[in-house]
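Student: Hi! I have a new model open and would like to walk through it with you. Could you take my questions as they come?

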Amino acid sequence: MTDTSDARTPLTRRAVLAATGATAAALAVGAAGRNEAPAEPADTVPVAAAVCTLTKEMTEGPYYLDGQYVRADITEGKPGIPLKLALTVVDDDTCAPLPNALVEVWHADHLGEYSGFVGANGHTEPDDGTFLRGGVLTNSSGLANITTIYPGWYVGRCIHIHIKVHTNVTLTPDGSFTGGQELHTGQLYFSETITTRVSSLSPYSANRVTRTTLARDSVYDGGGAASGLLTLTALGGSTSSGYAGTLTLGVER
């Protein structure tokens, strides 16, 4: 199940900021984060201050599906280690927050299977075409909070999450959206140190496919936050407690 359209070639579309900051993390975790045990040094990826810098976008890949649900929780009961995404969208020219932008994500489950394409990574499981897909509108601070699980992996790619940012979408009665303008297509990446811990635990350990590391991935270019590397902060005292993943995305209107 290789992302055959993923290739490390220069993209001509507008690029985005992918810098992270403590402000987004504080908004995402809030009071719950203050009550959790402090993260060990290895559980937090060091980051620089957020700046408005453009970087290239990443490929959409072959597993995008139109018309997914607008919802804050995309897990649909899928097993895995909790992941609380806090993604802040800003205007790359002014650094001003961008409210009412739809932040849409999709990714593989613990077995490396995408909804709508189950079986491509060699596993058999129910497929409703919607699990681990969806998005939310950013609030007045440009923040989108999405609850999901730590992704699994499949042949040829490191662990990642696909992301799109849309503006001016129309919400539909069935809980989906239509129309609008696509401002950004990218991917989110994870610390290899933390991924190693996650992949050794159930249910991820059931995935026998050889895992491609971040350093050997064909799409991630080593650019850190500027290329979509999330800041991961432990939500509790153990790996199984999950992580908050934060990133600021600067988009060109």
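Student: Thanks for joining! What pattern does the protein chain follow, read along the sequence?

Tutor: The protein chain reads β-α-β-β-β-β-β-β-β-β-α-β-β. Helices (H or I, at least four residues) and strands (E, at least two) are DSSP runs here, numbered from the N terminus. This is a predicted model, where local features need pLDDT of at least 70, side-chain atom pairs count only at pLDDT 80 or more, and totals for chains, interfaces and linings use all residues. Residues are numbered from 1 along each chain as its sequence is written, and side-chain values use heavy atoms, with hydrogens and water left out.

Student: How many helices and strands are there?

Tutor: The secondary structure comes to two helices and 11 strands.

Student: And what share of the residues is buried?

Tutor: Of the 253 residues, 52% count as buried. Buried means under 20% relative accessible area, exposed means over 50%, and partly exposed is in between (1.4 Å probe, protein chains only).

Student: What about contacts, how many join residues at least 24 apart?

Tutor: Taking contacts between residues at least 6 apart in sequence, 79% join residues at least 24 apart. A contact means heavy atoms within 4.5 Å.

Student: Switching to backbone geometry: where is there a cis peptide bond?

Tutor: Ser202 and Pro203 are joined by one, with omega about 5 degrees. Pro203 sits in the loop between α2 (192-199) and β10 (231-234).

Student: OK, so what is phi for Cys95, and where is Cys95 found?

Tutor: Phi of Cys95 is near 65 degrees, a positive value in a residue other than glycine. Cys95 belongs to the loop between β2 (82-91) and β3 (102-106), and it is partly exposed at a relative accessible area of 41%.

Student: And Asn168, what is its phi?

Tutor: Asn168 is not a glycine either, yet has a positive phi of about 60 degrees. Its place is the loop between β6 (160-167) and β7 (170-171). Asn168 is exposed, with a relative accessible area of 62%.

Student: Now charges! How many salt bridges does a search of the whole structure find?

Tutor: Eight. A salt bridge is a side-chain nitrogen of Lys or Arg within 4 Å of a carboxyl oxygen of Asp or Glu.

Student: Which residue does Lys78 meet in a salt bridge?

Tutor: Lys78 meets Glu125, at 2.8 Å from N to O. Lys78 lies in the loop between α1 (22-35) and β2, and Glu125 in the loop between β3 and β4 (133-137), so this pair ties together parts 47 residues apart in sequence.

Student: Are those two buried or exposed?

Tutor: Lys78 is buried, and Glu125 is too.

Student: What about Asp91, which partner does it have?

Tutor: Asp91 pairs with Arg253 at 3.3 Å, N to O. Asp91 lies in strand β2 and Arg253 in the segment after β11 (243-251), so the bridge ties together parts 162 residues apart in sequence. Asp91 is buried, at 9% relative accessible area, whereas Arg253 counts as exposed at 59%.

Student: Last one: which residues are linked in a network of salt bridges?

Tutor: Glu60, Lys164 and Glu182 are linked that way. Within it, the side chains of Glu182 and Lys164 meet at 3.1 Å, N to O. Glu182 is in strand β9 (residues 181-189) and Lys164 in strand β6, 18 residues apart. Lys164 is buried with a relative accessible area of 0%, while Glu182 counts as partly exposed at 28%.
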